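Open the model in your viewer and keep the sequence beside it.

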Amino acid sequence: MARPGVQTLVPVIRSAPTHLRYLSGYPPHLLQQVQQLIDEGKLADTLARRYPERHEVKSDAALYEYVMDLKARYMRNADQLSKVAYDNKLKVITHALGTHTAVSRVQGGKLKAKREIRVASLFREVAPEFLRMIVVHELAHLKEKAHDKAFYQLCTHMEPCYHQYEFDLRLYLVAQDLARLKPDAPSPSAPPAA
């Protein structure tokens, strides 16, 4: 459950098979294609070939710099961020991959709002496209609170492939779940087979 004032990237959960819970809400023909990849044991390999690289943004300081570079490039007039960090407590299980918070504090006679972005620690070891997607998502919340048309327009302004990366990230999460269920299955983070 999200805290008041916290915006999260939440995997949509409606009606889909348990292993496809991150993809519910997508059209049935797309789910059939994903299920076929799963049945053939090709989902993880397909993702590993499509996203073979891993980013180098490992520390909180590097993440802060990465986020601030994107913010300066696309959102100069947006509110300042006081903190950007990876967060071990954000788990896919709780349906949050990143959060944007606004914490108000009284300082003297004034009310000051500090804004923070926290990114789930699983993003330390993913493709650069997935990190960019989650950062763009959380930055968009500086201007747009709801996941509406204006929000997604801002996301695609900052990252034209936003929707593809979000879908592929959801596939990555499915592949991660399947790898946990079947330890001998290939992991989506493994390099492609030769």
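Helices (H or I, at least four residues) and strands (E, at least two) are DSSP runs, numbered from the N terminus.

This is a predicted model, in which local features need pLDDT of at least 70 and side-chain atom pairs count only at pLDDT 80 or more, while totals for chains, interfaces and linings use all residues. Residues are numbered from 1 along each chain as its sequence is written, and side-chain values use heavy atoms, with hydrogens and water left out.

Next, colour the chain by burial. Of the 194 residues in the protein chain, 43% are buried; buried means under 20% relative accessible area (1.4 Å probe, protein chains only). Contact means heavy atoms within 4.5 Å. Among contacts in the protein chain between residues at least 6 apart in sequence, 66% link residues at least 24 apart.

Now select helix H2 (residues 43-50) and helix H6 (residues 162-181). Their axes are 9 Å apart and meet at an angle of about 135 degrees. H2 is therefore oblique to H6. Axes are lines fitted to C-alpha atoms, for helices over the stretch in contact, and angles run from 0 to 180 degrees between N-to-C directions. Angles under 35 degrees count as roughly parallel, over 145 as roughly antiparallel, 65 to 115 as roughly perpendicular and the rest as oblique.

Show the side chains at this contact. From H2 come Leu43, Leu47 and Arg50, and from H6 come Gln164, Asp168, Leu171, Tyr172, Val174, Ala175 and Leu178.

Stay on H2 and select its buried residues: Leu43, Ala44, Thr46, Leu47 and Ala48. These buried residues of H2 pack against helix H1 (28-39) as well as H6.

For the last stop, select leucine 23, in the loop between strand S1 (6-8) and H1. Is leucine 23 buried or exposed? Leucine 23 is buried, with a relative accessible area of 0%. Leaving aside neighbours within four places in sequence, leucine 23 is in contact with Leu31, Val34, Phe167, Arg170, Leu171 and Val174. Draw a distance from leucine 23 to valine 174: their C-alpha atoms are separated by 8.3 Å, although the two residues are 151 residues apart along the chain.

Conventions:
Buried means under 20% relative accessible area, exposed over 50%, partly exposed in between (1.4 Å probe, protein chains only).
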